[in-house]
Structure formats: structure tokens, C-alpha cells
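The sequence and coordinates are shown below.

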Amino acid sequence: MLPYIIVIILTTILTYFAQKTINKSKILFVFISILIIIIPSLLAGFRNKTNGIDILVYEKYLFSDAQQATSFIDYYISEDSDLLFLAINYIASCLSDKFGMALFLIEFCCMLFTYLAIVKMRKYAPMWLSILIYLLCYYNLSFNLMRQMVATSFLLYAFTFLLKDNNIKKFIILSIISFFFHKTAFLASLFFIYIFWALNSTQNRKTKTIVYVLGCFSILILFQILLSMLANLGGRFESYVAYGGMAGGNDWKPTIFTILVLGDMILLVLSYFLHYKENKLRRENYILFMIVITDLMSQFLGKYTSFASRMSCYFCIPYIFLLPYIFQKNNIINKQTKFVFISLLVVSFMIIWMRMVNSTGNTIPYSSNILGI
């Protein structure tokens, strides 16, 4: 666990200095930014094949096939995976015959998209705090759920065009691209589109909100039927039927890898309270409320199979901007109390990270023959 702690602390400190230098020295900012992206990516690239179950499930074979492919087109046709994730592996195979290059590039993409989003939102939330929450929630996961974590980071970047710019058109274009990283990313983007469509409505917002909540509840009930309809589209959609297998009676419990259901319930109460007490943050409170509802739905999809609850990855990641913003910008509490709230926020995600270590697909303990660990 120590390598993760070192990288998380070092990356957070570097991000703090990056924000301090962005308006003072562009060269220094770019240099620090490169370190912020490269350092976590190197740790990922140096790891052994046992650090992450999905390495042996699909990544090892994708990279091996990329090495043997005569062209990218032939490689894509022969594989049952997503276009842009295959492109990452193919580029890695062209750069090096070492498997670690693929692991490095995958993590590099995760960090790049996330960092671009954090820089874009730097006036919305402190960069160091956003990246710390991200690393505590998603860094270990990215060693295992590699395809989905690249898609999650990319969708986070797309989400900034909604949250900061309220630009639904750009978000739709980027969400279409996210489909080629992982198809579930595009499905998640549909929820975000509805949220901001309802938010921007001058009339019947309350009705649209009720429809949305009932829609999420209906998905829980009709999930297996909806999956069957999706599978009927044919092709690679057929594999998503696996997301509807029952997990098994009383053994089911909500997954822990993004945020606890209890945490969602606390945020639900918080957003409802601030909605009536804090007019300045009504927009962000509404977004938070709708995302929490969506995340609760995805968490409880775990009653079918843990694979289904992985949709939660897409819905929790906006918390890295929303929570720091809401805790810092509201006028209800004084500066000293805000500091306490931010500290509690960091501690909460540290507790979640410590609880997650047994739920991230054999990424703990970290091992690397290259580093001698």
C-alpha cells in the first residue's frame, strides 16, 4: 500500500503547486503538469501482471494480439473490445514490445483526461482537492477496471462542458466519442443530458425531476428487460446481457468501490437542505441531488450483478468538483467551519479508500519486479 500512498501524496502536492504557478509561469506549470500525469502512470506501468484481475482477463491478450497484428484495422476486426481502447494497446505495441508500455499508456490516458478536467475547473474547486479525491476513489480501480476508467475519466472531461460552460452540444459530441472507449459511458451520458435539460428548463422543472426519479426507480425494476432489449441490437451489445444475472439472494450488498450508499443518503439530505437554505448554490445543489439519485440507482443495480453497479463510476466522479464547491461557496457556515468541513471531506474519502482496498481487484498489495517491490 505504501507505493500508492507516496504517489497520491506526491501528486496532490504537485497539483497544489501547479495551481499556484499557472498564472505566473506557463513553462513551470507545464513541467509540473507533466510530472502530475507521468508519476502515477509510471507506477501503473511498472506493476506486475498480478496487480489487477482484468490484466489477465483481457488486457494481456489485447496487447499480445496487437503485437501480432499486421494493421490496426485487422486488429480491430479480430477483437471484441472498444475501438479507442484497442487503439491505446495498438499504439503501445508500436512503441515497445514491453507489456508495461500498455499499462503505462492506459493510466496516462486516465490521468490526462482527469487532469484536463481539473485544470478547466480550477476556479470552481481547488485542483489539489479535486485530484486527491479522484486518486482516493479511482486510482486503484484504474489498475483493474482499465477500459471503464479511461472512459470514466474522458466522460469527466466532457462533463466539465456541462458544469462550467452549460454547453450541451459539446458534451453530446464528446459523449459520442466516449462510446468508443466503453459503451457504458455513452449510456451514462444520457442521464447527464437529461439532468441539464431539466436544469435549464424554465417551466415544469419539478415535473421533469419527478419523472427522472421515477425513471431511475423503474430502471431498477425493469433492468433485465431493458438489457434484453439492448442485446437485441446485436453485435457487441449482446455481451451486456451478462449485466443482468442475479447476484444471489441475501448475499447481495451494494458495492463499495465508488462511494458508500450511506454517503449518498447523507448527500441527498445535504442537497435537499441547501436547496432551501442557500440560493447562491441552487444550480449545484440541483445537479448534486440528481446525480445522487442516479448513483443510488446504479448502486442498487448490484442486486442483479456487481458488473451493473459499475455504472456508479460515471456518476460519482463529478463529486470531485461538486462537493468542494458546495462546501466552500455556501454562505451558511463561516470560514473556520468550512475548513472543518473540507477536512472532514478529505478524511471521509480516505476512509472510503481504506475500505476499498479489498474491493479493487487484487491491486493491493502493489508488486513490481522492475522496482524490486
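Is phenylalanine 191 buried or exposed? In this predicted model, phenylalanine 191 is buried, because its relative accessible area is 18% and the cut-off for burial is under 20%.

**Aromatic pairs**

A search of the whole structure finds 27 aromatic pairs. Two of them are set out in the table.

| Pair | Arrangement | Centre to centre | Angle between planes |
|---|---|---|---|
| Tyrosine 124 and tyrosine 325 | stacked | 4.0 Å | 15 degrees |
| Phenylalanine 191 and tyrosine 212 | edge-to-face | 6.3 Å | 85 degrees |

Tyrosine 124 counts as buried at 11% relative accessibility, and tyrosine 325 is buried at 14%.

Tyrosine 212 counts as buried, at 6% relative accessibility. Both rings belong to a cluster linked by ring pairs, whose members include Phe159, Trp197 and Phe315.

Threonine 294, in helix H13 (residues 282-300), contacts Phe191, Tyr212 and Phe315, among others, when neighbours within four places in sequence are left aside. The relative accessibility of threonine 294 is 0%, so this residue counts as buried.

Charged groups also lie over aromatic faces. Lysine 183 is placed over phenylalanine 179, 5.7 Å from the ring centre, and arginine 205 over tyrosine 286, 5.6 Å from the ring centre.

**Helix geometry**

Helix H7 (residues 127-142) bends by about 45 degrees at leucine 135. Of the 16 residues of H7, 15 are buried, so this helix is largely enclosed by the rest of the structure. Helix H1 (residues 2-21) spans 29 Å from its first C-alpha to its last, close to the expected 28 Å. Among the buried residues of H1 are Pro3, Tyr4, Leu14 and Thr21.

**Cysteines**

How many disulfides does a search of the whole structure find? The search returns 0 disulfides. For cysteine 313, the nearest cysteine sulfur is that of cysteine 316, 7.6 Å away. For cysteine 316, the nearest is that of cysteine 137, at 7.2 Å. Cysteine 313 is buried, with a relative accessible area of 0%, and cysteine 316 counts as buried at 5%.

Definitions and conventions. Residues numbered from 1 in each chain as written. Predicted model: local features only at pLDDT ≥ 70, side-chain atom pairs only at ≥ 80, totals over all residues. Heavy atoms only, no water. Helix = DSSP H or I, 4+ residues; strand = E, 2+ residues; numbered from the N terminus. Buried < 20%, exposed > 50% of the residue type's maximum accessible area, 1.4 Å probe, protein only. Contact = heavy atoms within 4.5 Å. Disulfide = S-S within 2.5 Å. Bend = angle between axes of the 7 residues up to and from the residue. Expected span 1.5 Å × (residues − 1). Phe/Tyr/Trp six-rings, centres within 6.5 Å; stacked < 30°, edge-to-face > 60°. Lys NZ or Arg CZ within 6 Å of the ring centre and 35° of its normal.
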